[in-house]
Amino acid sequence: MGEGNMYKKYIFFLIILCLSAMPFTNIASANFENDGEIDGNLRSTIVQELPAADVSMVIRNLEGQIIFNYNGDRSQKPASNLKLFTAAAALGELGENYRFKTNVFMDGIVKKGVLQGDLYLQGKGDPTLSMNDLKELAAFLHSQGLKKINGRIVADDFYFDQKLLTPHIEKEDQSYYYAAPVTALMISPNKDYDAASVLIEAKGNKEGKKPTLHIEPAKGELIIRNEAKTVAYGQPNTLKIERAFGTRKVYITGNLPREQTVREWIAVPQPTKQTMTLFKEALKSQQVDYTDTTFYRAVPPKNAHLIAQKQSVPLKEIMIPYMKLSNNSISNVLVKTLGKEVKKRGSTPAGLKTIKKYAASAHIPIKNAVLDDGSGLSQENRLTAKDLTELLYKIYKDEKWFNTYFNSLPIAGKNDRLTGGSLQNRLTSPLTNGRVFAKTGSIERVNTLSGYFIGQSGKMYIFSLLVENQEDTVEEIDHIITEAARVL
């Protein structure tokens, strides 16, 4: 937590440096004597850069006025720009200091170190839960005198529903972390919080032999088939790490040159079962024995005792990897948590209704928007650039958590991945480097970018640029934003 707090201060410091040339309260007061020239320049740039794509773009000043509108009312696929709405609803409805909880309940009595009864691990959607957390829970149980469980070890993941995948996930995506299933009881392999996935690292060591593997946190329920071969240094790298569709079998195939490393984050098909397997391993490692290895799911009885609880870092800290790195797992967790906390149903549909409820409360008219998930991965989602800029304006104007939201956005050209995020290698010209704070988005034939930028005048603006029906338009989008920064 200490590093996270230091980091947030650092991000805020960067933003202050960017804005130090003018009072924040005055950066909205722009004069537009050359409105026609600005409009003409931007329209020409859009047509020149993206003549065959569907483009929607809106720019507002910090008073909320639309100063540029190019098909701004047209509904388009937002990709991960949808996370701007999900993040806002989460901060608005749950609060900056919301913490996810994981509980351990005991149903029975302990005699001479032996639990005569059942132990329950209850998840409430914590995307930050790690193997170390499970070990700490197990160590605590041992410190309280527990040596053996003469009963069941039970999973309670009923905080969320059992529809593990969000709608319209493509078959070829389901092997990978960005389309991982979601339950209320998941393990994350890293500080990016890619919940319900396992990091598999293959390294070419001895020529003619299989690459060595490192798996984090552990393979758990996965079955690993290493069929790859280490080849001579300089030979082509053809290594693939894939999970067979609908199974827990992971195949590692192809050739890996000596001294090269390949990493892949593989989605776990049954996250709750994976977590319970690792929890049992943690119990063993802390000298807590058990005899029943069967997987059980049940809610703790009312007379069960809460004996341990792990709390996540607050939501304001989770927002950094969520938005900077465009983390789909966190997004899906937030949607279901919103559904549970506000609508009493931990489901994607209930969570999406809550996002629309938040938008309505902020007077953002998205009645005609289509929300199919909270991450933007689905091709069915639809928003307008006008919707997105209205949201960004209302958050800037009204929400006390604006700084948390703003600081979570990727910053153009900043090399540190938890500062620059998905913009760390983009918009690096002097006009835009460190002066664009925006959420990226990318799915098949769609690229988007929405957020805030500082123009050449030193004033800040709100923008949304949605592009679809053309592949790989990142470079063109960056040229358009650079031109906007130049003319403003």
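Reader: Which residues form one aromatic cluster?

Author: In this predicted model, Tyr396, Phe402, Phe406, Phe437 and Tyr452 make up one aromatic cluster.

Reader: How many aromatic pairs does a search of the whole structure find?

Author: The search finds 13 aromatic pairs. In one of them, tyrosine 176 and tyrosine 178 are stacked, with 6.2 Å centre to centre and 15° between the planes.

Reader: What is the geometry of the pair that phenylalanine 402 and phenylalanine 406 form?

Author: A pair counts as stacked if its planes are under 30 degrees apart, as edge-to-face if they are over 60, and otherwise as tilted. Phenylalanine 402 and phenylalanine 406 are tilted, at 35° between the planes and 5.4 Å centre to centre. Both residues lie in helix 10 (residues 402–407), four residues apart, about one turn of the helix.

Reader: Is phenylalanine 402 buried or exposed?

Author: Buried means under 20% relative accessible area. Phenylalanine 402 has 8%, so it is buried; phenylalanine 406, with 4%, is buried too.

Reader: Where does the charged end of lysine 284 sit?

Author: That charged end is over the ring of tyrosine 290, 4.7 Å from its centre. Lysine 171 lies over the face of phenylalanine 245, at 4.9 Å from the ring centre.

Reader: With which residues is alanine 89 in contact, leaving aside its neighbours within four places in sequence?

Author: Alanine 89 is in contact with Leu94, Leu338, Ile355 and Tyr358. Its place is in helix 3 (residues 83–93), and at 0% relative accessibility alanine 89 counts as buried.

Key:
Residues are numbered from 1 along each chain as its sequence is written. This is a predicted model: local features need pLDDT of at least 70, side-chain atom pairs count only at pLDDT 80 or more; totals for chains, interfaces and linings use all residues. Side-chain values use heavy atoms; hydrogens and water are left out. Helices (H or I, at least four residues) and strands (E, at least two) are DSSP runs, numbered from the N terminus. Buried means under 20% relative accessible area, exposed over 50%, partly exposed in between (1.4 Å probe, protein chains only). Contact means heavy atoms within 4.5 Å. Rings of Phe, Tyr and Trp (its six-membered ring) pair if their centres lie within 6.5 Å; planes under 30 degrees apart count as stacked, over 60 as edge-to-face and the rest as tilted. A charge sits over a ring if NZ of Lys or CZ of Arg is within 6 Å of the ring centre and within 35 degrees of the ring normal.
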